[in-house]
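I opened this notebook to record what I looked up in the structure, beginning with the core and going on to the overall shape and the backbone.

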Amino acid sequence: MIAPSVTLGDGVVIHHPDLVNLYGCSIGAGTRVGTFVEIQKNASIAENCKISSHSFICEGVTIEDGVFVGHGVMFTNDLHPRAVNLDGSLQSDADWSVVPTLVKRYASIGSNATIVAGITIGEGAQIGAGAVVTKDVPAYAIVAGVPARIIGRAKDAPVEVISSGRAR
């Protein structure tokens with residue numbers, strides 16, 4: 001289902017429109033969205049991204065230009081999720097706050113990675129398949145594992161980043 005509240009840029013490709021759940025989000029020009037993807041309200045996907053099948057992009061996630069999101073990637077937006085309040089009543093929107101997450105341009109997130117709320121993934125960073133990202137990832141870093149740790153630098157990192165060992 002693609003709700004009327006979704007903003008789609010020119011040339012967006014949604015491979016199976018009947019097999020996605022998109023509502024209240026914006027998707028930039030040239031972006032491709034795979035099957036069984038959910039993108040929630042107040043999520044923003046910029047231009048020329050690829051969102052692979054079975055991924056979940058929740059409220060509060062901002063994805064900049066040229067980002068690759070592999071199959072089955074999960075984003076979260078709450079650091080202390082609960083179904084009920086202390087009195088046993090069901091939580092409502094008034095009982096919690098969205099914790100935003102930012103994925104900067106040209107980053108790549110491998111299949112089945114989990115991105116915990118409140119972090120920034122730097123420009124050109126690469127997240128290994130199955131990683132659980134619990135803290136900020138510097139620009140052009142390669143991270144992997146549970147929890148994700150830096151294991152290298154992306155091959156397309158600017159020379160000054162590689163030689164200094166630090167992100168710009």
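I began with the largest nonpolar core, which has 38 residues, and found that Ile63, Phe75 and Ile121 touch the most other members. Such a core is a set of buried Ala, Val, Leu, Ile, Met, Phe, Trp, Tyr and Cys residues joined through side-chain atoms within 4.5 Å, where buried means under 20% relative accessible area, exposed over 50% and partly exposed in between, with a 1.4 Å probe and protein chains only. Strand S10 (61–63) and strand S19 (141–144) each supply at least two residues of this core; helices (H or I, at least four residues) and strands (E, at least two) are DSSP runs numbered from the N terminus.

I noted that this is a predicted model, in which local features need pLDDT of at least 70 and side-chain atom pairs count only at pLDDT 80 or more, while totals for chains, interfaces and linings use all residues. Residues are numbered from 1 along each chain as its sequence is written, and side-chain values use heavy atoms, with hydrogens and water left out.

I then listed the contacts (heavy atoms within 4.5 Å) of Ile121, and, not counting residues up to four places away in sequence, Ile121 touches Leu102, Val103, Lys104, Ala107, Ile109, Ile115, Ile127 and Val137.

Along its principal axes the C-alpha trace spans about 55 × 45 × 20 Å, and buried residues make up 39% of the 168 residues.

I next turned to the backbone. Most residues other than glycine have a negative phi, and most peptide bonds are trans. Tyr140 has a positive phi, near 65°, and lies in the loop between strand S18 (132–133) and S19; with a relative accessible area of 7%, Tyr140 is buried. Asn42, in the loop between strand S6 (38–39) and strand S7 (44–45), also has a positive phi, near 65°. Val146 and Pro147 are joined by a cis peptide bond with omega about -10°, and Pro147 is found in the loop between S19 and strand S20 (149–153).

Last, I checked Ser97, in the loop between strand S12 (74–75) and strand S13 (101–103), and I recorded Ser97 as exposed because its relative accessible area is 56%.
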